[in-house]
Amino acid sequence: MTASEHVTYCRICEPLCGMVATVEDGRVTKLRPDKDHPLSRGFACPKGIAMTEVQNDPDRVLHPQRRRPDGGFERVSWDAALDEIGERLGAIRREHGGGSIGWYMGNPGAFSYSHPLWVKGFVDALGSQHYYTASSQDVSNRFAASSLLYGSPFLLPIPDLERTELLLVVGANPLVSHGSVMSAPRIKDQLNAITARGGRVVVVDPRRSETAREFEHLPIRPDSDAELLLSILQVTFAEELEDGDALAAADGADDLRELVAPFTPDATAAATGADPGTVRVLARDIAAADGAAIYGRTGSCLGRHGTVVSFLLDALALATGNLDRAGGSMFGRPAIPFERIAELIGAGDYGRRRSRVGGFPEVLGAMPASLMAKEITTPGAGRMRALFVSAGNPVLSVPNGDELAAAMRNLELSVSIDLYMSETALQSDFVLPATTFLEREDLPLPFLSLFTKPFINMTEAVVDPAGEARQEWEIIEAVSERIGIVPQSVKLARWAGRAGIKLSPRTLMDLLLRVGPEGDRFGLRRGGLNLGRLADAEHGIVLADHLEEGVLMGKIRHTDKRVRLCPPEIADEIGRIAGADAGDDRYPLRLIGLRELRSHNSWMHNSRKLMAGDRAHRARINPVDAEAAGVADGDRIRIESAHGEIETEAKLTDEVVAGTIAVPHGWGHRGGWETANRAGGANVNLLMSSRPEDLERLAGMAHLNGVAVRIEAAPRPVASL
Ligand SMILES: Nc1nc2c(c(=O)[nH]1)N[C@H]1C(S)=C(S)[C@@H](COP(=O)(O)OP(=O)(O)OC[C@H]3O[C@@H](n4cnc5c(=O)[nH]c(N)nc54)[C@H](O)[C@@H]3O)O[C@H]1N2
Ligand SMILES: Nc1nc2c(c(=O)[nH]1)N[C@H]1C(S)=C(S)[C@@H](COP(=O)(O)OP(=O)(O)OC[C@H]3O[C@@H](n4cnc5c(=O)[nH]c(N)nc54)[C@H](O)[C@@H]3O)O[C@H]1N2
Ligand code: SF4
Ligand SMILES: [Mo]
């Protein structure tokens, strides 16, 4: 037996922890944390370690599968699959145009350097606007807010963890999620270091989350973060705590001041549930801190006003002199300027095009995934007739997955590219086997600007693809070839492709790295980076001790180089908040989500290690609400919203504030994964609305947090005979 060790990195979530893989006879037999990774320094979480099981999972799809007329699947050769896909796709394109062909790329896609570029290239070459990603359930509002503030969706402030005195966390649970829209390995240590040096971490959350428990908790009613932030800003202005110079350099400060004026802490207390005195003190503390970082994530993104919330986080940072300064909310220092690439390929667009259904603005070139079902079923020009899904499981991750599953069966062609026969793959005509991240070379392209300590690394594939698995970009090339397109977004590259000059992801990255700020400029700059040199530094390269301050001005894309503090879109939305939420007596509770340490969205429930012990899908309910509904701990309950109902198990806990119920997403499996199917539970997104009028207006975000529901004891299931 030959065993070897390979340094690589985990690509399940955003810290991208360093890993060492043991390979025996061509198989990964073990993953352990890399002690020599300069940032993660020997840390990895249980999911990262459990990736060995996913890698070797007997339930993995390792060969192309084609749906049989009876609904089952049969193994076919790659050539047979690609030829048939090509033929059917070609026919659809001829009859209905390239604009009838769509693609949904899920979350793991963002962790590959090649996959997103080739998907975007494919839809652009077809001239289709049916491009969807997991972002409209996750982070589109952040990009939209940055577009409005800075004229660029990619200017994403990240907290300067190492120097901040006060970190305000609004709707994130980094002790479990390990941080998002920031790449910061060992996040728990980093947060503890803040308090160890006398600073504070304040966590705004309707649930006493793992992070809230460890630090200071400010409980809040679900989906009232906009009101809370408006009040903090109101106090900042009313008590003249603001940074006058910072505001003078921006555009619209006076309008913002006027806009927030009615939102006194007393006026918003009913909505937020926060004590007005506490809000005032918090505003003063933020203004007084020598470096306060204002950070928000999915908890505050997935309500009805996500774009406003993201906008206000930055507006507050700016108004208190904490934007683009040490210890505050800062901007990244990527060795490959992703934003330039994205602009080049038209992924930097906000609102240039509107969705056919609902008229929502595109964000990073993508439309709201919640609308996919209606884009398939709504007749008319541009109707979606073919759909590719790669690294995504929208049947579980978007609102009303049953509607999507049913709509998918109306497609003329559907193809899933996945590791598993997921709930979404099961609805497809073809399922094509993808490589895991251990089977591909990579570098963390979109995360380079999110490292709180500037960093870059790359990895080679650790093992050859299992079975017949292929990388997504290779599959896209093969499909494209059959329908005679070149899957590139840039016209020049398409033209070159037609002349036979094909660009591989590796060549492209080498090129971008070499012309980037750290690059070797093809030998003109000694000691500069190229892909080879990066590969030699197997644990990665720390590019600087800290992020740089005062960089924003140079990056703003508005022509006047000023931050816009009162764009009309935001003023409009804030106007709508003022009169919002009459409530509905039939649905007295507010449902929110949560993440668990040993789940990862919908795709790690097949690991026996992660599912060991007392794991089950459970709704966290405050004892007061449980009693009112006649529900005891461990009971089965029915949760009902205006849009659907599910059944799951109740867990009574006062960690959720009364009136709130917290239910994890990504459960309720019925795919080709045995362990996951056995885990039971329900798909919480069956309670969510996919109606255009229920989506957040500025970014088309799904409304997944703060959804009105009611609960009741479910009748016991009848024992099967
Ligand atoms: N273990 C694990 N880690 C993950 C993932 C996973 O599934 N499992 N998923 C990864 C992905 S894709 C992402 S995007 C990131 C997300 O990273 P985070 O945003 O940190 O995700 P969560 O852990 O869900 O934390 C959200 C918090 O918001 C709170 N919350 C809910 N509603 C509201 C509200 O209305 N207002 C406020 N203020 N808070 C609210 C919830 O109680 C919860 O504590 O995590 C990543 N990391
Ligand atoms: N109610 C509620 N719903 C939510 C959320 C919430 O907080 N609450 N969070 C949302 C968020 S933040 C996100 S990011 C989305 C996630 O939504 P999706 O991205 O649609 O779904 P995932 O569950 O991440 O499924 C990923 C799929 O990719 C496959 N996969 C894993 N690695 C690879 C790979 O390298 N290549 C390929 N081709 N396939 C791979 C997995 O087997 C799995 O089937 O869910 C969203 N849904
Ligand atoms: S926190 Fe866990 S899952 Fe995320 S990158 Fe690190 S090891 Fe992987
Ligand atoms: Mo996400």
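**Notes on the predicted model**

1. Helix α2 (residues 78–96) contains both Arg88 and Glu84, which stand four residues apart, about one turn of the helix. The two residues form a salt bridge, in which the closest N and O atoms are 2.9 Å apart. Both partners are partly exposed: Arg88 has a relative accessible area of 28%, and Glu84 has one of 22%.

2. A second salt bridge joins the side chains of Arg304 and Asp223, at 2.6 Å from N to O. Arg304 belongs to the loop between α13 (298–301) and α14 (306–319), and Asp223 to the loop between β11 (216–218) and α8 (225–238), so this pair ties together parts that are 81 residues apart in sequence. Arg304 is partly exposed, with a relative accessible area of 27%, whereas Asp223 is buried, at 13%.

3. Arg353 pairs with Glu362 in a further salt bridge, the closest N and O atoms being 3.0 Å apart. Glu362 counts as buried because its relative accessibility is 0%, under the 20% cut-off. Elsewhere, salt bridges with shared partners link Arg636, Arg638, Glu640, Glu645, Glu647, Arg710 and Glu712 into one network. The structure as a whole holds 58 salt bridges.

4. Regarding confidence, the model is predicted, with a mean pLDDT of 96 for the chain and 98% of its residues at 70 or more.

5. Which residues make up the patch of negative charge on the surface? The patch gathers Asp251, Asp255, Glu258 and Asp560. Asp560 is placed in the loop between α23 (552–555) and α24 (568–578), and its relative accessibility of 36% makes Asp560 partly exposed.

6. The surface also carries a nonpolar patch of about 270 Å², made by Leu511, Val515 and Phe522. Val515 is part of helix α21 (residues 505–515). With a relative accessible area of 47%, Val515 is partly exposed.

7. Is Ile661 buried or exposed? Ile661 counts as buried, with 0% relative accessibility. This residue lies in strand β25 (residues 660–662). The C-alpha atoms of Ile661 and Arg590 are separated by 6.1 Å, although the two residues are 71 residues apart along the chain.

Methods: Residues are numbered from 1 along each chain as its sequence is written. Chains are lettered from A and ligands numbered from 1 in the order in which they are written. This is a predicted model: local features need pLDDT of at least 70, side-chain atom pairs count only at pLDDT 80 or more; totals for chains, interfaces and linings use all residues. Side-chain values use heavy atoms; hydrogens and water are left out. Patches are made of residues with over 30% relative accessible area and no salt bridge: like charges are joined within 9 Å, nonpolar side chains (Val, Leu, Ile, Met, Phe, Trp, Tyr) within 5 Å. Accessible areas come from the Shrake-Rupley method with a 1.4 Å probe; for residues, only the protein chains shown count as cover. A salt bridge is a side-chain nitrogen of Lys or Arg within 4 Å of a carboxyl oxygen of Asp or Glu. Helices (H or I, at least four residues) and strands (E, at least two) are DSSP runs, numbered from the N terminus. Buried means under 20% relative accessible area, exposed over 50%, partly exposed in between (1.4 Å probe, protein chains only). pLDDT is the predictor's confidence in each residue, from 0 to 100. Lys and Arg count as positive and Asp and Glu as negative; His and the chain ends are not counted. The place of a charge is taken as NZ of Lys, CZ of Arg, CG of Asp or CD of Glu.
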